[in-house]
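Trainee: I have a model to go through. Can we take it piece by piece?

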Amino acid sequence: MSKDTNRHMPKDVGLDNTVKALREGYQFIANRRHTMQSNVFETTLLGEKTICMSGSEAAKVFYDNDKFRRADAAPSRINKTLFGQGGVQGLDGEAHHHRKAMFMNVMNTFNLAQTRALTYKYWMKEVAKWEDKEEVVLYEECKKILTQVACEWVGIPLEEEAVADTSYQLGDLFESPAAIGPTHWKGRHSRSKLEEWVEAFVNDVREGKKDVPKERPLYLFSWHRDHEGELLDEGTVAVELLNLLRPMVAISIYIAFTAQALEEYPGEADKLNDGSEDKLHRFIQEVRRFYPFFPFVPARVDKTFTWDGYEFEEGTLTLMDLYGTNHHPKEWTDPSLFKPDRFQSWDKSPFDFIPQGGGDFNIGHRCAGEWLTIEILKESLNVLVNKLDYEVPEQDLSFSMNDMPSLPKSKMIITNVQRVEEHEGRKNNQE
Ligand code: HEM
(Lines give C-alpha, C1' and ligand atoms only; values in the text may rest on other atoms or scores of the structure.)
Protein backbone atom coordinates (compact mmCIF):
# COMPACT_ATOMS: atom_id res chain seq x y z
CA MET A 1 0.00 0.00 0.00
CA SER A 2 1.26 3.50 -0.80
CA LYS A 3 2.40 5.47 2.23
CA ASP A 4 0.17 8.36 1.17
CA THR A 5 -2.99 6.25 1.29
CA ASN A 6 -4.90 6.38 4.56
CA ARG A 7 -4.75 3.05 6.33
CA HIS A 8 -6.00 1.70 9.63
CA MET A 9 -3.57 2.02 12.50
CA PRO A 10 -2.84 -1.36 14.15
CA LYS A 11 -4.98 -1.63 17.28
CA ASP A 12 -4.18 -3.30 20.59
CA VAL A 13 -6.66 -5.91 21.84
CA GLY A 14 -8.79 -5.28 24.95
CA LEU A 15 -11.11 -2.52 26.05
CA ASP A 16 -8.61 -0.83 28.34
CA ASN A 17 -4.95 -1.81 28.79
CA THR A 18 -4.03 0.24 31.84
CA VAL A 19 -3.55 -2.83 34.04
CA LYS A 20 -1.34 -4.47 31.41
CA ALA A 21 0.66 -1.27 31.05
CA LEU A 22 1.31 -1.21 34.80
CA ARG A 23 2.25 -4.90 34.77
CA GLU A 24 4.49 -4.79 31.69
CA GLY A 25 5.98 -1.39 32.56
CA TYR A 26 8.96 -0.40 30.43
CA GLN A 27 8.20 -3.21 27.96
CA PHE A 28 4.52 -2.46 27.38
CA ILE A 29 5.05 -0.60 24.10
CA ALA A 30 7.91 -2.83 22.86
CA ASN A 31 5.85 -5.97 23.49
CA ARG A 32 3.05 -4.66 21.27
CA ARG A 33 5.39 -3.22 18.68
CA HIS A 34 6.76 -6.74 18.40
CA THR A 35 3.45 -8.61 18.16
CA MET A 36 1.87 -6.07 15.80
CA GLN A 37 5.13 -5.64 13.84
CA SER A 38 4.50 -1.92 13.78
CA ASN A 39 6.29 1.11 15.24
CA VAL A 40 2.95 2.83 15.69
CA PHE A 41 -0.26 1.44 17.14
CA GLU A 42 -3.36 2.47 19.03
CA THR A 43 -4.32 1.32 22.52
CA THR A 44 -6.58 2.52 25.34
CA LEU A 45 -5.09 3.73 28.63
CA LEU A 46 -7.12 5.12 31.53
CA GLY A 47 -10.14 5.00 29.23
CA GLU A 48 -8.49 7.24 26.62
CA LYS A 49 -7.49 6.40 23.06
CA THR A 50 -3.69 6.56 23.02
CA ILE A 51 -1.20 6.25 20.16
CA CYS A 52 2.15 4.64 20.97
CA MET A 53 5.24 5.25 18.81
CA SER A 54 8.68 3.69 18.79
CA GLY A 55 11.95 3.96 16.85
CA SER A 56 13.94 6.80 15.31
CA GLU A 57 11.57 7.52 12.40
CA ALA A 58 8.67 7.88 14.84
CA ALA A 59 10.83 10.09 17.10
CA LYS A 60 11.44 12.48 14.19
CA VAL A 61 7.68 12.96 13.90
CA PHE A 62 7.06 13.11 17.65
CA TYR A 63 9.65 15.87 18.09
CA ASP A 64 8.13 18.02 15.33
CA ASN A 65 6.61 20.98 17.24
CA ASP A 66 4.11 21.63 14.46
CA LYS A 67 2.57 18.22 15.04
CA PHE A 68 2.51 17.79 18.83
CA ARG A 69 1.90 19.98 21.86
CA ARG A 70 2.69 19.46 25.55
CA ALA A 71 0.33 21.87 27.36
CA ASP A 72 -2.34 19.30 28.27
CA ALA A 73 -0.31 16.10 27.93
CA ALA A 74 1.14 15.23 31.37
CA PRO A 75 -1.27 13.78 33.97
CA SER A 76 -1.88 16.16 36.87
CA ARG A 77 -0.49 13.68 39.45
CA ILE A 78 2.87 14.00 37.66
CA ASN A 79 2.72 17.81 37.77
CA LYS A 80 1.93 17.71 41.48
CA THR A 81 5.08 15.72 42.31
CA LEU A 82 7.67 15.45 39.56
CA PHE A 83 7.40 18.61 37.46
CA GLY A 84 5.47 21.24 39.44
CA GLN A 85 2.91 23.58 37.89
CA GLY A 86 3.83 26.16 35.25
CA GLY A 87 7.23 24.67 34.39
CA VAL A 88 8.94 24.45 31.00
CA GLN A 89 7.67 20.90 30.37
CA GLY A 90 4.11 22.08 29.76
CA LEU A 91 4.90 25.10 27.55
CA ASP A 92 4.63 25.29 23.77
CA GLY A 93 5.65 27.66 20.96
CA GLU A 94 7.30 30.98 21.72
CA ALA A 95 6.76 30.69 25.49
CA HIS A 96 8.58 27.33 25.50
CA HIS A 97 11.36 28.48 23.22
CA HIS A 98 12.08 31.48 25.43
CA ARG A 99 11.92 29.54 28.73
CA LYS A 100 14.04 26.74 27.31
CA ALA A 101 16.74 29.26 26.38
CA MET A 102 16.88 30.23 30.09
CA PHE A 103 17.87 26.61 30.84
CA MET A 104 20.20 26.07 27.90
CA ASN A 105 22.09 29.31 28.67
CA VAL A 106 23.30 27.84 31.96
CA MET A 107 24.50 24.65 30.25
CA ASN A 108 27.68 26.30 28.97
CA THR A 109 31.20 24.85 28.95
CA PHE A 110 32.24 26.73 32.09
CA ASN A 111 29.22 25.58 34.09
CA LEU A 112 29.54 21.98 32.90
CA ALA A 113 33.20 21.86 33.93
CA GLN A 114 32.26 23.38 37.27
CA THR A 115 29.60 20.73 37.87
CA ARG A 116 32.14 18.05 37.20
CA ALA A 117 34.62 19.58 39.65
CA LEU A 118 31.87 19.90 42.28
CA THR A 119 30.93 16.26 41.73
CA TYR A 120 34.49 15.22 42.52
CA LYS A 121 34.67 17.55 45.53
CA TYR A 122 31.49 16.22 47.15
CA TRP A 123 32.24 12.57 46.36
CA MET A 124 35.56 12.95 48.20
CA LYS A 125 33.91 14.80 51.11
CA GLU A 126 31.34 12.05 51.63
CA VAL A 127 33.65 9.11 50.91
CA ALA A 128 35.88 10.24 53.79
CA LYS A 129 32.93 9.40 56.10
CA TRP A 130 32.38 5.94 54.57
CA GLU A 131 35.71 4.44 55.54
CA ASP A 132 34.48 3.78 59.09
CA LYS A 133 31.10 2.48 58.06
CA GLU A 134 30.19 -1.18 57.97
CA GLU A 135 28.25 -0.72 54.76
CA VAL A 136 27.20 2.06 52.45
CA VAL A 137 23.91 2.20 50.55
CA LEU A 138 25.30 3.88 47.48
CA TYR A 139 22.01 5.19 46.06
CA GLU A 140 21.10 7.00 49.31
CA GLU A 141 24.62 8.41 49.72
CA CYS A 142 24.69 9.63 46.12
CA LYS A 143 21.50 11.58 46.75
CA LYS A 144 23.39 13.45 49.50
CA ILE A 145 26.43 14.02 47.28
CA LEU A 146 24.34 15.33 44.42
CA THR A 147 22.13 17.49 46.65
CA GLN A 148 25.28 19.37 47.66
CA VAL A 149 26.54 19.55 44.07
CA ALA A 150 23.16 20.81 42.85
CA CYS A 151 22.66 23.42 45.58
CA GLU A 152 26.15 24.87 45.22
CA TRP A 153 25.88 24.91 41.42
CA VAL A 154 22.44 26.55 41.46
CA GLY A 155 23.56 29.11 44.09
CA ILE A 156 21.43 27.95 47.03
CA PRO A 157 23.22 27.79 50.40
CA LEU A 158 22.84 24.50 52.26
CA GLU A 159 23.88 23.94 55.87
CA GLU A 160 25.61 20.63 56.62
CA GLU A 161 22.76 19.64 58.99
CA ALA A 162 20.19 20.11 56.20
CA VAL A 163 21.92 17.91 53.59
CA ALA A 164 20.29 14.59 54.45
CA ASP A 165 16.73 15.91 54.84
CA THR A 166 16.96 18.00 51.66
CA SER A 167 18.23 14.97 49.75
CA TYR A 168 15.29 12.87 51.01
CA GLN A 169 12.81 15.59 50.06
CA LEU A 170 14.27 16.00 46.57
CA GLY A 171 14.24 12.21 46.27
CA ASP A 172 10.53 12.17 47.15
CA LEU A 173 9.81 14.20 44.00
CA PHE A 174 11.14 11.58 41.60
CA GLU A 175 10.47 8.51 43.73
CA SER A 176 6.73 9.24 44.05
CA PRO A 177 5.09 10.20 40.73
CA ALA A 178 4.01 6.72 39.67
CA ALA A 179 3.16 5.67 43.24
CA ILE A 180 -0.27 5.65 44.77
CA GLY A 181 -1.28 6.27 48.39
CA PRO A 182 1.13 7.52 51.06
CA THR A 183 4.24 7.65 48.83
CA HIS A 184 2.45 9.89 46.36
CA TRP A 185 1.19 12.18 49.15
CA LYS A 186 4.68 12.34 50.63
CA GLY A 187 5.88 13.51 47.20
CA ARG A 188 3.25 16.25 47.10
CA HIS A 189 4.13 17.36 50.62
CA SER A 190 7.85 17.50 49.81
CA ARG A 191 7.11 19.50 46.66
CA SER A 192 5.23 22.20 48.53
CA LYS A 193 7.94 22.39 51.22
CA LEU A 194 10.72 22.62 48.63
CA GLU A 195 8.89 25.20 46.53
CA GLU A 196 8.42 27.35 49.65
CA TRP A 197 12.11 26.95 50.57
CA VAL A 198 13.39 27.90 47.10
CA GLU A 199 10.87 30.72 46.69
CA ALA A 200 12.26 32.41 49.81
CA PHE A 201 15.71 32.59 48.15
CA VAL A 202 14.17 34.03 44.99
CA ASN A 203 12.48 36.74 47.08
CA ASP A 204 15.76 37.50 48.84
CA VAL A 205 17.56 37.88 45.52
CA ARG A 206 14.90 40.18 44.17
CA GLU A 207 14.87 42.30 47.31
CA GLY A 208 18.66 42.58 47.27
CA LYS A 209 18.95 40.69 50.58
CA LYS A 210 21.05 37.97 49.06
CA ASP A 211 24.28 38.30 47.17
CA VAL A 212 24.45 35.57 44.52
CA PRO A 213 27.09 35.42 41.77
CA LYS A 214 25.53 36.60 38.52
CA GLU A 215 26.35 33.39 36.66
CA ARG A 216 24.41 31.15 39.10
CA PRO A 217 20.99 29.88 38.00
CA LEU A 218 19.41 31.29 41.21
CA TYR A 219 20.38 34.79 40.06
CA LEU A 220 19.70 34.25 36.34
CA PHE A 221 16.29 32.60 36.78
CA SER A 222 15.21 35.16 39.41
CA TRP A 223 15.80 37.98 36.92
CA HIS A 224 14.72 36.13 33.78
CA ARG A 225 12.09 37.93 31.69
CA ASP A 226 9.59 35.91 29.66
CA HIS A 227 8.83 36.36 25.94
CA GLU A 228 6.57 39.28 26.84
CA GLY A 229 9.25 41.02 28.88
CA GLU A 230 7.76 40.15 32.29
CA LEU A 231 9.60 38.69 35.27
CA LEU A 232 8.35 35.20 36.13
CA ASP A 233 6.32 35.00 39.32
CA GLU A 234 8.35 33.72 42.29
CA GLY A 235 6.47 30.40 42.37
CA THR A 236 7.36 29.67 38.76
CA VAL A 237 11.03 30.55 39.36
CA ALA A 238 11.01 28.09 42.27
CA VAL A 239 9.47 25.39 40.05
CA GLU A 240 12.16 25.97 37.41
CA LEU A 241 15.01 25.97 39.95
CA LEU A 242 13.62 22.68 41.23
CA ASN A 243 13.73 21.55 37.60
CA LEU A 244 17.52 21.77 38.07
CA LEU A 245 17.86 20.53 41.66
CA ARG A 246 15.51 17.52 41.40
CA PRO A 247 16.92 15.87 38.27
CA MET A 248 20.50 16.52 39.35
CA VAL A 249 19.79 14.45 42.46
CA ALA A 250 17.93 11.86 40.36
CA ILE A 251 21.23 11.09 38.63
CA SER A 252 21.81 8.93 41.76
CA ILE A 253 19.62 6.35 40.02
CA TYR A 254 22.04 6.18 37.09
CA ILE A 255 25.01 6.05 39.49
CA ALA A 256 23.46 3.05 41.28
CA PHE A 257 23.03 1.37 37.87
CA THR A 258 26.59 2.35 36.90
CA ALA A 259 27.92 0.60 40.01
CA GLN A 260 25.68 -2.36 39.23
CA ALA A 261 27.08 -2.54 35.69
CA LEU A 262 30.67 -2.45 37.03
CA GLU A 263 29.80 -5.48 39.14
CA GLU A 264 27.80 -7.37 36.51
CA TYR A 265 30.17 -6.75 33.59
CA PRO A 266 33.70 -7.00 35.04
CA GLY A 267 35.24 -7.36 31.57
CA GLU A 268 33.87 -3.93 30.64
CA ALA A 269 34.87 -2.50 34.03
CA ASP A 270 38.50 -3.61 33.55
CA LYS A 271 38.75 -1.54 30.39
CA LEU A 272 38.29 1.65 32.45
CA ASN A 273 41.42 1.40 34.60
CA ASP A 274 43.56 3.59 32.35
CA GLY A 275 41.31 6.60 33.07
CA SER A 276 40.60 7.20 29.37
CA GLU A 277 37.92 9.86 29.04
CA ASP A 278 36.53 8.19 25.89
CA LYS A 279 36.07 4.88 27.65
CA LEU A 280 34.35 6.52 30.63
CA HIS A 281 32.08 8.29 28.16
CA ARG A 282 31.16 5.13 26.28
CA PHE A 283 30.44 3.25 29.50
CA ILE A 284 28.02 5.82 30.87
CA GLN A 285 26.33 6.21 27.47
CA GLU A 286 25.66 2.47 27.56
CA VAL A 287 24.35 2.76 31.14
CA ARG A 288 21.88 5.41 29.91
CA ARG A 289 20.86 3.25 26.93
CA PHE A 290 20.66 -0.07 28.72
CA TYR A 291 18.94 0.58 32.06
CA PRO A 292 15.33 1.70 32.47
CA PHE A 293 14.62 5.26 33.61
CA PHE A 294 11.89 7.23 31.81
CA PRO A 295 9.69 4.71 29.95
CA PHE A 296 8.06 7.17 27.52
CA VAL A 297 7.04 10.81 27.16
CA PRO A 298 3.50 12.03 26.46
CA ALA A 299 2.27 14.70 24.01
CA ARG A 300 -1.01 15.52 22.24
CA VAL A 301 -1.56 15.85 18.51
CA ASP A 302 -1.75 19.59 17.90
CA LYS A 303 -3.34 19.57 14.43
CA THR A 304 -4.65 16.53 12.58
CA PHE A 305 -1.98 15.11 10.24
CA THR A 306 -1.16 11.91 8.36
CA TRP A 307 2.13 10.05 8.76
CA ASP A 308 3.04 6.79 7.04
CA GLY A 309 -0.59 6.52 5.92
CA TYR A 310 -1.94 6.77 9.47
CA GLU A 311 -4.15 9.60 10.67
CA PHE A 312 -3.19 11.35 13.92
CA GLU A 313 -6.31 13.16 15.03
CA GLU A 314 -6.08 16.51 16.85
CA GLY A 315 -6.01 16.08 20.63
CA THR A 316 -5.01 12.39 20.65
CA LEU A 317 -2.70 11.44 23.51
CA THR A 318 0.53 10.02 22.06
CA LEU A 319 3.37 8.27 23.88
CA MET A 320 6.91 8.18 22.51
CA ASP A 321 8.67 5.02 23.67
CA LEU A 322 12.07 6.07 25.06
CA TYR A 323 13.15 2.79 26.64
CA GLY A 324 11.94 0.74 23.67
CA THR A 325 13.69 2.98 21.13
CA ASN A 326 16.96 2.58 23.05
CA HIS A 327 16.46 -1.19 22.72
CA HIS A 328 14.94 -1.26 19.25
CA PRO A 329 16.43 -4.15 17.22
CA LYS A 330 16.36 -2.06 14.04
CA GLU A 331 18.41 0.68 15.70
CA TRP A 332 20.82 -1.39 17.80
CA THR A 333 22.78 -4.60 17.27
CA ASP A 334 22.24 -7.01 20.19
CA PRO A 335 20.22 -4.41 22.12
CA SER A 336 19.91 -6.58 25.21
CA LEU A 337 23.69 -6.87 25.66
CA PHE A 338 25.68 -4.33 27.69
CA LYS A 339 28.34 -3.21 25.20
CA PRO A 340 29.81 0.27 25.76
CA ASP A 341 32.00 -0.06 22.65
CA ARG A 342 28.89 0.21 20.48
CA PHE A 343 29.19 3.96 21.07
CA GLN A 344 32.52 4.03 19.23
CA SER A 345 30.66 3.90 15.94
CA TRP A 346 27.37 5.56 16.93
CA ASP A 347 26.48 8.32 14.45
CA LYS A 348 25.13 10.71 17.16
CA SER A 349 21.62 10.73 15.71
CA PRO A 350 19.29 12.80 17.91
CA PHE A 351 16.51 10.25 17.38
CA ASP A 352 17.74 6.69 18.11
CA PHE A 353 19.42 7.11 21.52
CA ILE A 354 16.82 8.99 23.54
CA PRO A 355 16.97 8.16 27.28
CA GLN A 356 16.43 11.86 28.00
CA GLY A 357 14.22 12.65 25.03
CA GLY A 358 15.19 13.34 21.42
CA GLY A 359 15.41 16.05 18.79
CA ASP A 360 16.88 19.51 19.24
CA PHE A 361 17.65 20.84 22.73
CA ASN A 362 16.74 24.46 22.00
CA ILE A 363 13.63 24.02 19.91
CA GLY A 364 12.05 20.90 21.39
CA HIS A 365 11.52 19.34 24.81
CA ARG A 366 14.67 17.24 24.89
CA CYS A 367 16.16 17.20 28.40
CA ALA A 368 17.92 20.45 29.22
CA GLY A 369 20.29 18.65 31.57
CA GLU A 370 21.61 15.88 29.34
CA TRP A 371 25.17 17.25 29.04
CA LEU A 372 25.24 17.92 32.76
CA THR A 373 24.05 14.36 33.44
CA ILE A 374 26.90 13.03 31.30
CA GLU A 375 29.50 15.12 33.17
CA ILE A 376 28.25 14.06 36.60
CA LEU A 377 28.10 10.41 35.55
CA LYS A 378 31.56 10.42 34.01
CA GLU A 379 33.12 11.83 37.16
CA SER A 380 31.15 9.45 39.39
CA LEU A 381 32.28 6.49 37.30
CA ASN A 382 35.83 7.77 37.43
CA VAL A 383 35.66 7.94 41.24
CA LEU A 384 34.17 4.45 41.51
CA VAL A 385 36.80 2.93 39.24
CA ASN A 386 39.93 4.95 39.89
CA LYS A 387 39.54 6.56 43.31
CA LEU A 388 37.92 3.92 45.50
CA ASP A 389 38.46 0.39 46.58
CA TYR A 390 35.31 -1.31 47.80
CA GLU A 391 33.65 -4.67 47.99
CA VAL A 392 30.20 -5.65 46.80
CA PRO A 393 28.64 -8.07 49.31
CA GLU A 394 25.96 -10.55 48.33
CA GLN A 395 22.71 -8.68 47.68
CA ASP A 396 19.78 -8.49 45.29
CA LEU A 397 21.08 -6.49 42.34
CA SER A 398 18.13 -7.29 40.13
CA PHE A 399 15.82 -4.48 39.08
CA SER A 400 12.15 -4.34 38.26
CA MET A 401 10.81 -3.59 34.79
CA ASN A 402 7.64 -2.03 36.15
CA ASP A 403 8.75 0.09 39.10
CA MET A 404 9.13 3.70 38.09
CA PRO A 405 11.77 4.73 38.66
CA SER A 406 13.53 1.37 38.68
CA LEU A 407 16.63 0.76 40.82
CA PRO A 408 18.82 -2.19 41.80
CA LYS A 409 16.63 -3.76 44.52
CA SER A 410 19.37 -3.49 47.18
CA LYS A 411 19.99 0.17 46.18
CA MET A 412 23.60 -0.98 45.65
CA ILE A 413 25.37 -1.78 48.89
CA ILE A 414 29.16 -1.51 49.09
CA THR A 415 31.47 -2.39 52.00
CA ASN A 416 35.12 -1.84 53.06
CA VAL A 417 35.33 1.42 51.20
CA GLN A 418 38.82 2.95 51.00
CA ARG A 419 40.18 5.84 49.01
CA VAL A 420 43.12 4.85 46.81
CA GLU A 421 46.16 6.64 45.46
CA GLU A 422 46.15 7.91 41.89
CA HIS A 423 46.13 5.12 39.32
CA GLU A 424 48.96 5.28 36.88
CA GLY A 425 47.98 6.80 33.59
CA ARG A 426 44.86 8.53 34.93
CA LYS A 427 44.39 11.57 32.71
CA ASN A 428 41.33 13.40 33.90
CA ASN A 429 41.94 14.55 37.43
CA GLN A 430 39.32 17.13 38.38
CA GLU A 431 40.89 18.27 41.63
C1 HEM B 1 18.72 11.84 35.84
C2 HEM B 1 18.90 11.82 34.58
C3 HEM B 1 17.87 12.47 33.70
C4 HEM B 1 16.93 11.84 32.95
C5 HEM B 1 16.72 10.35 32.78
C6 HEM B 1 16.16 12.88 32.31
C7 HEM B 1 15.12 12.64 31.43
C8 HEM B 1 14.37 13.64 30.86
C9 HEM B 1 13.29 13.40 29.95
C10 HEM B 1 12.83 12.04 29.44
C11 HEM B 1 12.76 14.60 29.62
C12 HEM B 1 11.55 14.85 28.73
C13 HEM B 1 11.91 14.88 27.27
C14 HEM B 1 10.69 15.16 26.45
O15 HEM B 1 9.69 15.67 26.98
O16 HEM B 1 10.69 14.87 25.28
C17 HEM B 1 13.49 15.60 30.34
C18 HEM B 1 13.22 16.95 30.29
C19 HEM B 1 13.86 17.88 31.06
N20 HEM B 1 14.95 17.68 31.86
FE21 HEM B 1 15.86 15.92 32.20
N22 HEM B 1 16.63 14.10 32.70
C23 HEM B 1 17.69 13.89 33.54
C24 HEM B 1 18.49 14.86 34.11
C25 HEM B 1 18.25 16.21 34.04
C26 HEM B 1 19.08 17.22 34.63
C27 HEM B 1 20.38 16.94 35.37
C28 HEM B 1 18.45 18.41 34.42
C29 HEM B 1 18.86 19.80 34.82
C30 HEM B 1 19.91 20.09 35.54
C31 HEM B 1 17.26 18.16 33.66
C32 HEM B 1 16.35 19.11 33.27
C33 HEM B 1 15.30 18.87 32.43
C34 HEM B 1 14.38 19.91 31.98
C35 HEM B 1 14.40 21.37 32.38
C36 HEM B 1 13.48 19.28 31.11
C37 HEM B 1 12.31 19.92 30.37
C38 HEM B 1 12.76 20.31 28.96
C39 HEM B 1 11.65 20.87 28.11
O40 HEM B 1 10.47 20.61 28.40
O41 HEM B 1 11.95 21.58 27.15
N42 HEM B 1 17.16 16.81 33.46
N43 HEM B 1 14.49 15.01 31.08
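Trainee: Which residues does His184 touch, not counting residues up to four places away in sequence?
Mentor: Contact here means heavy atoms within 4.5 Å. His184 is found in helix α9, residues 182-206. Helices are DSSP runs of H or I of at least four residues, strands are runs of E of at least two, and both are numbered from the N terminus. The residues that His184 touches are Arg77, Thr81, Ser176, Pro177 and Ala179.

Trainee: What kind of model is this, and how are residues numbered?
Mentor: It is a predicted model, where local features need pLDDT of at least 70, side-chain atom pairs count only at pLDDT 80 or more, and totals for chains, interfaces and linings use all residues. Side-chain values use heavy atoms, with hydrogens and water left out, and residues are numbered from 1 along each chain as its sequence is written.

Trainee: Is His184 buried or exposed?
Mentor: Buried means under 20% relative accessible area, exposed means over 50%, and partly exposed is in between, with a 1.4 Å probe and protein chains only. His184 falls in the buried class, and its relative accessible area is 3%.

Trainee: How many Å separate the C-alpha atoms of His184 and Glu152?
Mentor: Along the chain, the two residues are 32 residues apart. Between the C-alpha atoms of His184 and Glu152, the separation is 28 Å.

Trainee: Which residues come nearest to the ligand?
Mentor: A residue is near a molecule if one of its heavy atoms lies within 4 Å of it. There are 29 residues around the ligand. Those that come nearest are Tyr63, Arg70, His96, His365 and Cys367.

Trainee: Which helix gives the most to the shell around the ligand?
Mentor: Two helices, α5 (93-105) and α11 (234-264), each supply at least two residues of the shell. With seven residues, the one that gives the most is α11.

Trainee: How many residues of the shell are nonpolar, polar and charged?
Mentor: Ala, Val, Leu, Ile, Met, Phe, Trp, Tyr, Cys and Pro count as nonpolar. Asp, Glu, Lys and Arg count as charged, and the others, Gly among them, as polar. The shell divides into 17 nonpolar, nine polar and three charged.

Trainee: How many Å is a polar side-chain atom of His365 from an oxygen atom of the ligand?
Mentor: Start with two other side chains. An N or O atom of the His96 side chain is 2.7 Å from an oxygen atom of the ligand, and for Lys100 the value is 3.0 Å. For His365, it is 2.6 Å.

Trainee: Which residue is the protein donor of the iron atom of the ligand?
Mentor: Donors are N, O and S atoms within 2.8 Å of the metal (3.2 Å for Na, K and Ca), and sites may look incomplete because water is not among the atoms. At 2.3 Å through its SG atom, the only protein donor is Cys367.

Trainee: Which side chain joins that of Ser380 in a polar contact?
Mentor: Ser380 is found in helix α15 and is buried, at 1% relative accessible area. A polar contact is a pair of N or O atoms within 3.5 Å; within protein, one must be able to donate a hydrogen and the other to accept it, and residues adjacent in sequence count only if both atoms are side-chain atoms. Leaving aside neighbours within four places in sequence, Ser380 is in contact with Thr119, Trp123 and Ile255. The polar contact, of 3.0 Å, is with Trp123.

Trainee: Where is Pro405, and what is the peptide bond from Met404 to Pro405?
Mentor: Most peptide bonds are trans. Pro405 is placed in the loop between β9 (388-391) and β10 (413-419). With omega near 0°, the bond from Met404 to Pro405 is cis.

Trainee: What is phi of Asn416?
Mentor: Most residues other than glycine have a negative phi. Asn416 is found in strand β10 and is partly exposed, at 46% relative accessible area. Its phi is positive, near 50°.

Trainee: What is the radius of gyration of the protein chain?
Mentor: The chain has 15 helices and 10 strands. The radius is taken over C-alpha atoms, and the globule rule is 2.2 Å times the number of residues to the power 0.38. For 431 residues the rule gives 22 Å, so the chain is as compact as a globular protein of that length, with a radius of gyration of 22 Å.
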